[in-house]
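Hello,

Here is the structure you asked to look at. My notes on what was found in it follow below.

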Amino acid sequence: MWTLYCLAGTIRLLWCRLWLGPAIVPRGTWHVLMTLVHPHSLRQGVFVDPYWEALRHRKGLFLVGLLDGASIRLGRQVATECLCLERCLTVRQCLHIGWQLWQLHDEPVHLPMSQRHRCGELLRGCILAAALPRLCEQITITRWLYPFENRRWEQVTLVALRRASPLTRLIGCQHAVLTDQHTHIVRAPDDTRPLPDRILTTGQTPADWLVRHGYSFSYIRIGCALRQEIKRNRIRQIQR
């Protein structure tokens with residue numbers, strides 16, 4: 001079964017790369033917003049980013065994203081609004097990722113999950129590990145902001161960017177409700193998983209929750225809910 005999942009993931013990645021074509025990256029220095037593209041990213045045929053819609057049109061910001069497994073057909077519809085990281089890969093890299101994925105069958109997992117879910121998480125990490133160094137070769141990234149949930153793909157992103165672009169400031173933005181069921185976010189005293197340079201929260205309450213569950217307050221900055229309708233002056237305060 002694992003071999004079938006790996007084969008399906010590789011075919012999906014190749015199809016995505018060949019169908020969308022190579023990435024056309026605007027040169028220069030950018031603050032990058034990372035998103036996840038899924039069916040909810042389109043509303044009545046118009047791209048509306050679920051995480052960064054309040055900020056993404058501002059000057060100097062560049063939106064990149066990963067396609068959700070069910071959203072490959074959306075790739076062309078969002079191509080003018082968001083750079084899909086799958087397009088940064090070469091065909092050879094896509095095939096190599098499939099081979100890497102098959103070899104990761106015996107890797108231990110920290111949380112119980114189905115083989116399908118686990119394969120998808122590993123595939124996402126392999127794509128990021130290969131695509132981000134190629135992206136950093138083409139543009140200068142001063143800040144990288146991403147939706148923070150402390151998942152595997154986020155940790156791969158942090159490691160890959162710190163290797164490829166050591167001067168980039170990495171900022172995780174907590175964007176959803178936090179409860180005691182979100183065990184993947186909780187940190188133990190001896191936790192060695194990488195963290196961003198800053199974690200921006202949606203308010204004081206989630207900041208307190210993170211401190212209670214293993215995070216140093218020095219990592220945390222209190223902001224607001226960027227996924228909701230907010231006033232422009234509040235956005236300016238966050239940017240400062």
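R187 is buried, because its relative accessible area of 11% falls under the 20% cut-off. Its side chain meets that of D191 in a salt bridge, with 4.0 Å from N to O. Please keep in mind that this is a predicted model.

The count of salt bridges comes to 7. Side chains of opposite charge can pair when their charged atoms come close.

Another salt bridge is formed by E86 and R12, whose closest N and O atoms are 3.9 Å apart. This pair links distant parts of the chain: R12 lies in helix α1, E86 in the loop between β5 (83-84) and α2 (91-103), and 74 residues separate them. Both are buried, E86 with a relative accessible area of 1% and R12 with 14%.

The salt bridge between R151 and E149 has an N to O distance of 2.8 Å. Here R151 is partly exposed at 29% relative accessible area, and E149 is partly exposed at 22%.

Next, the nonpolar parts. The largest nonpolar core has 72 residues, and M34, W52, V64, L85, L135 and W144 have the most contacts inside it. Helix α3 (residues 115-138) gives the largest share of this core, 11 residues. Leaving out residues up to four places away in sequence, M34 touches several others, among them W52, V64, L85 and W144.

L18 belongs to helix α1 (residues 2-20) and is exposed, with a relative accessible area of 56%.

Regards

Conventions
Residues numbered from 1 in each chain as written. Predicted model: local features only at pLDDT ≥ 70, side-chain atom pairs only at ≥ 80, totals over all residues. Heavy atoms only, no water. Helix = DSSP H or I, 4+ residues; strand = E, 2+ residues; numbered from the N terminus. Buried < 20%, exposed > 50% of the residue type's maximum accessible area, 1.4 Å probe, protein only. Core = buried A, V, L, I, M, F, W, Y, C linked by side-chain atoms within 4.5 Å. Contact = heavy atoms within 4.5 Å.
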